[in-house]
Structures are given as structure tokens and as C-alpha cells.
Amino acid sequence: LNTAISHLQDSINLTSDDHPHKPARVSDLGMMLYTRFKRLGRLSDLDDAITVLRQAVNLAPDDHAHKLACLYNLGSVLEARFDHFGQLNDLEDIAVVKRQAVDLIPDGHPNKPARCNDLTMTLQTGFERLGQPKDLEDAIAVQRQAVDLTPDDHPNKPAYLSTLGRALGVCFLCFGQPNDLESAIVVHRQAVDITPDRDFDKPTRLNNLGNALKTRFDRFDQLNDLEEAVMVMHLAIDTIADDHPHKPSCLTDLGTALETRFKRLGQLSDLENAITVKRQAVDLTPDGHPDKSICLNSLGEVFCTRFCQNHDQEDLESAFSAFILALDQESGPPSARLNAVEGCIAVRRVQAQFGRITYQDLMNTFDQALSLVPQVAWLGPNTTQRRAALSSIGNIVKSAVSAAIQTGNLSRAIEWLEEGRSVVLGQLLQLRSPVDNLRSHHPDLADRLQSLSHNLEASGNELRSGRTQDSLLHSGSDMTLHGQVSVRIKLAQDYQDLLRQIREQDGFKNFLMPRPLAELVPPRRTDGPIVIIIVDPLSCDALVVHGSDEPLIHVPLPNLTFKLAENMRLAFTQSLKKAGVRERKGVHDDRFADSVPRGDRGASFFESPMDPIIARVLKNLWLHVVKPILDRIKAKPAGTAVTDLPHVTWCPTGPLAFLPIHAAGMYGRRGTLGDGMKLFDIAVSSYTPTLSALLRPAHTFVGGWPSVRALVVSQPKTPGMSMLPGVASEVANIWKHLGGQVEHLDGEDATTEAVLHAMGEDHCQLVHLACHGLQNTVEPSKSAFVLYDGYLTPSQLMSSSVRNGALAFLSACETPTGDEKPPEEAGYLATGMLAMGFNSVIGTMWSAGDQDAPIVADEVYRRLKEGCVSGDGRLKTAYALHEAVKVLREKVGESNVTRWAPYIHFGI
């Protein structure tokens, strides 16, 4: 082979570029290099082969006899590299090359439909990996061309129709257009009608039609669709052989349709038949097959359905056993295995009502689950699907932490919570991931990991989406159930071997693993306790990370329930709307008219008696959350000076993340029975999204306050937003305290690019943003500061970084939007600034009054200047904000919570 390559290279060197045989010879050389790669495994041969094949394509004009062959060879080798490394740019190149080939083939050529079908499969893979709608739209258009160019009597016509039907079905599931579903059903009917009865793929095409009909029933509740779906799926089962690779998936789909019909009509025979066929699916699927965990999950779900009907404890036990077996399938898709954990949690929550829950049973389950969380969140098929998994991940993490607490594994509880919150926040805000860090140092390892993870996850896509593949699309692969097992087991082993290799690299010891507690908390913490509050449907608890001889303290919160926490969040949100802090006011600029948030920092507030709902929420927070924790850690009112107060850092989860814990207390007129203690009288409060955010050392300023270098960004007249007349006073107050160490970007100068550049400068230690902002609780990555030319989001902030960031003061109206179904975390803009590198962040929980912002800024910077000059050079921001808010509270009145309580401190 080496000799042949050498001779061919000599021949090519002696051949002029315009010689008619040169493209073919260059293409042959590329394929020889690819052959040597397959024999010896040298990556340089693979890269050289692609380079040479590209040269062959470029040498051949479109009308050259060998142009198509050159394109086919290049596409094949690019696919081999994509399968090996999973590089997305290769996938894009494959689509470009295959499209070129399709465009060169005349419509009447017999190979044109097959090449269109091949391009469709590549475009669908691109959609699955990247989630770009254009890829799916192009796939449907190309496949329609394949169908239209193929005669009805051609043996491949049914397969092309099936591919088109599946693509249309995916399009409906993603975008919800009924016409796509109707077209999918029509196309699947055509595929069934023209497929001979004894054709190997007839049952799977019947099953595809049945799934499409059931999808239409799920959407429009037309019973005749469900009845026909069951009938068609029964026909598929009657005609499929036991050793057919898709029989288990067909059985599972039939069982799900029968279970759906039971829920609709209540016929017990449907429920019993559903259990029977789902058992058959499990029995026919060998251990190690990727569909095994999916079939077991489906069986567990139908047992839960029967339990709801007859309340037989044996059904719960059977369901739990099925979910545990699904989790134990190491070669199963990671997302399916996480679904199994959700099933285990659901079963144990039901059993808790009967006093039969054992948290210890779940510890091993959660240990496996937490190892899967990063794989699903960071390495899932595409961003859309990874984001969709976050809700279940959040619930799993909460339940895992709760189980660890109940079994006394407090260290494990904190490690799991830290890992889960870091993953969820990173995905919500599109922050830099551990895989991004790996790619920066070891790109080859990152690409291999991405490819293996995709292959592990992709195995169950067909069954989960109701799509089964025709044998035509599996040419060259082992189509038997048992034949697929060894491949899947090898993939799972390769994944674990690669993880071990990565963890042997410097700096990646704990890659995709929870960080141990010793790395999260200093041995003797001196900056006050950190209080983590877990809100779970089964149990609510607090974990206190303390700097005393008792480093971890468990505080049960028996009077707090998930329902109470959620009701408090909803009530408080409604009260904020009623108070007007979430309503737009002012004049807009048409440039941003379509995307203006609902909040307004310029809203007017007037002192009035405290809203009774707000008072009740703050009272419940005090009685059921804060007071039990303070009593346990023996926190009591100190001297009259603010500096005598202890410092408490809160890390709330679930609904509590959206409530002002720092304002908790008993409110009422002085001297009345309702009057009592408030948290701000006892402690200075901070918040943190994770423990990791508190690990940085506090910055000190050797030269004192005059050495602090600051960036001030002001937007008094932002396009599309109401005016903020208080910004001018705010900036004047800042300038008064900071002196000449200020870079000021105002109005038109405060663009996203200019602000990012200024923040990224190494000399930037303090940033003050006086502008509009929004905190989107449905799409957290769309939370943003509104600057002159657009939005500055957390992911954009992460594109830059600061080395000496001491403080980011976000004097912006962080208007909460879309909180009907909020995710687990809040404070997205502040979290983004912490991730960027700032140690300390002042932000707002809701829109702050424009007339109040200058007061708070003036008081904060006054105290920071005094404390830094007279102290050790550290910025004690939490104490400065505490005193500033006290001044504002005395001006507007304690009852005016909506004016003084939005200001909060994050970080150190």
C-alpha cells in the first residue's frame, strides 16, 4: 500500500492540472490514504485523505466525468471522520458535498432519488445535533424531491416515503404546525399501501402510521384516530417476526396506545393488554440493547397506571423494579436512564403516603443519576433537547439531595446539589461548560467524547419519537437484536475508557464529577455561615455550612412544604404586579418595540401601608424558614453598629429562589402584637447561586480606595425604553466618591461591543451599570442589560472575563418576565457577572425605583470608600449595601417593601 501511494503521488506530480485523468488519480490517492488510515489508525492519513479529496473535487469541472465520483469519495471520508470524532464542521461539509452531488445529477437519472435520500439523512442528523430549523426544512424539501422522482413501482419508493413521513412528524413535534402532521399521515399511508404484504419493512411502516395517528389523537382528541392507531399497530404485530429488530419497539408502541385508550375509555382489558405487550417487548429485548431501558421505562409507567386504578402495592413494586432495571442498562441512552430515575422518585413519593419509603434504597440510584446529569446536560444531541431535560434534572437533583440529608449523608448532599445547580445554571445561561474547557486544552479528546456521547444517546431516538427505521437505511449493519448489543456495549465501554483518560490529564481529575466537599468549603470559613435551603415535595430542609467546630448543620423545616413555598411565590409575584413594579411606563423607541420587557425602573411608588399579602409572605418566611435556622445556629441581635451583625449567605432552591428572604420578618405598627423581629435587624444577608462562587479570594486594594479603577455605564435614554431621569444623579454620586479612576460610557457610546471590551480589560475592578434590564425566567439566557444598540446577555458576558473584578453594581431594573413556569434558579444577570469573574455583585430582584437608585448608589459607595480607607483594603460590599438600604428604608418607610427590598448582594 505504501508503495502504491508513493507511485501514485509521483504520477500525480508529473500530471498537469488540466489533464482529464488528474482528478480521478488524485481521488484514488485520497482513497488509498483513507485505506491506510483504516489499517494503521494514523489520524494524519485521515486528514491528508480529506485534503487530497478536496483537491480532486476542485480539479474536476462540473461537467467532468469523474466529478460525481470525487464528490462521493469526499463525502464518504468526511462521514468517516465525523463518525470517529463528531466534529460538527465535518457534518456541515458533508451536507455541502452531498448537495453539490445532488445538484449535478439530472432529474431523470436513476441515482438521483437515492442521492436525495442520502442528503436528507445527513440534514436530519444535522438538525438532531444542532437544532437548526433550516436543516429540517431542507431535509423535507430534498426528500419530497426524492419521492417525486421515484415511480410508484420502484422498490425504494416506500422507504423514501417513510423517510419523508418521519421528517414531517419531527417537524410537527418541534414546531406544532398541524399541516405537517396531516402530511405525515398521508405519506405514511402511501408507504403502507405500496409496500408488499410480505415485505420485511411492512410492519415498521404500519407502526409509523399508527404512531402518527396516535400523535394526532394526542393533539386533537379524536377517538377515531386512536382506534385506527390501535388497529394498525395490532396489524403490525400480527405480521412481524419475533426476531425482527423492531418488534420490541412495535410492541411498546402498541402498549402505549392501549394504555392511552384505557385512560380515555376506562376499559380494563386495554390496561391488561398493555401490560402484556410491554412485558413481551422487554422479554424480546436482550440486555445491553439500547432500547432495553426505554422498554423497561414504558413497562414501569403502565404499572403506575394500574396502581392508580386498583391501589395494589405490588404494582408499585413492579414499577420500581422496572425503573431500576432501566437505570442499570449501562448501554442505554443517558436520557432514558435519567427518565428511569424520575420514575423511581415518583414511585417512592407515592409510597411515602403509606409509610413505606426508604431513602437508603434511593442512594445508589441517585449516585448513578448524578453521573448521568452532566452527560445529558453538556453532551446531549443539541441545545434544545439539553434545555428540555433541565426541568427533570432539577427535580432529580432536589430529590437526591433530600434523600442524602434524610440518610445523614450531608457531605454528599452538598456535593450533589453543587453539581446539579452548576449544570442547570450553566445550561440556562449558556455559560462555558466543562466540555468547553476540555476542548480548549485537549480538542481531540473533546471531539471524541462528543461523538461517543451522541452515539450513546442517538440509539433510542427512533423509539422515543415514534419513528422506526427501514432496513434500507441500515444497509451494511447487523439488523438483528442481538447483533446490535455488542456494538452498544463497546460504545459504553469506550465512553468510560475515554472518561478515565480525560481524568488522567492535568486539571481534569474531577471532569464531569461532583466536586468533593473539601474543595467547595474552606476548612475554617470566616465570612459567616452559608445556608442552603432545599425545597422538595417530600421534605424541606436547610444545610448550614459553618466555620465552627460543627462544619455542617442540618436544620429540618417541618412547617415548610413545597406547596406553601410555591403559593408564597405566586402570591408575592401577584403583589409585585399590583404594586406596579412590573408594568411598563414611558415613551418607547420603535427600534426595540417588539422586544421591550414589561418592567420599568421609572415606575412611581408612594409610601402606603404594607400590602397584607406581602406581609403574610414575609411572616411565613420568618416563621417557617429563617427563624428556625437562626435559632439553630444561635444567631442573635448584636450591638448597635452594623459591623457587629453576623453575615449570612443564602442559597435557596425552588420557589424560595424568587422570594426576598433578606426581608423576612414580623411587620406591623410599633408596639402592636404584629410587630416583631426582622432578619435585617439580626444579620447582613447575601445570596449565592453555588458554593463555587464563594471560593475566590477577596480582592484587596493596596493603594486604598483611590487605586480602584471603575467602569460606569449609563443609559438615561435607551432606545425603545422609558427615560430614566435619575441616572444623571446616580452617575454624579458615583463620580463624587470614585474620583478620577472612572471610565464612563454614556448613551450612544454605551454599546454592547464597547461595554464588553471595557469589562474585559484587566484593569477593570469595579463596574456600575445604570440602565434598563430584564430577567427572563422562562428563557434565562435572554435575560439582559438593555444598552444603546441592543441586549447584553449572560452568554455574551462569558465571552469576556475579568481577572481583578471586585464589584459589579447592577443598578438596572431586573424585570422578571414569564414566571408562570420558572426554572429552579433566579438572579441570572448577577450569576452571569459572577461567572465572568466578579467576586461581588449588587443586583435587584425586581424593578427598582428610578428615584431610589441614586440614594442607594450614593450610600453604598460612601461606605465602601470609608471602609476601604480605614480597613484592610477589602470591599465589604454586603455591609455597605445593608446600610444603604437602611437609609432608603428610613426615607420611604418600612412598609414600602417594594422600594427598599429589591436590592440584594451576591457573592463574597
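A polar contact here is a pair of N or O atoms within 3.5 Å; within protein, one must be able to donate a hydrogen and the other to accept it, and residues adjacent in sequence count only if both atoms are side-chain atoms. The model is a predicted one, so local features need pLDDT of at least 70 and side-chain atom pairs pLDDT 80 or more, while totals for chains, interfaces and linings use all residues. Numbering runs from 1 along each chain as its sequence is written, and side-chain values use heavy atoms, with hydrogens and water left out.

D541 sits in strand 2 (residues 540-545); strands are DSSP runs of E, at least two residues, and helices runs of H or I, at least four, both numbered from the N terminus. Its side chain has two polar contacts to point out: one to the side chain of H554 at 2.8 Å, and one to the side chain of S539 at 2.6 Å. D541 is buried but has no salt bridge, and R632, the nearest side chain of opposite charge, is 11 Å off. Buried means under 20% relative accessible area (1.4 Å probe, protein chains only). A salt bridge needs a side-chain nitrogen of Lys or Arg within 4 Å of a carboxyl oxygen of Asp or Glu; for charge, Lys and Arg count as positive, Asp and Glu as negative, and His and the chain ends are left out.

Turning to side-chain classes, the lining of the second largest cavity has 11 nonpolar, 4 polar and 1 charged residues. Nonpolar covers Ala, Val, Leu, Ile, Met, Phe, Trp, Tyr, Cys and Pro, charged covers Asp, Glu, Lys and Arg, and the others, Gly among them, are polar. A cavity is a set of points on a 1 Å grid over the protein atoms alone where a 1.4 Å probe fits but cannot get out, and lining residues have an atom within 4 Å of a point. Helix 34 gives the most to this lining, with 5 residues.

Terms used:
Buried means under 20% relative accessible area, exposed over 50%, partly exposed in between (1.4 Å probe, protein chains only).
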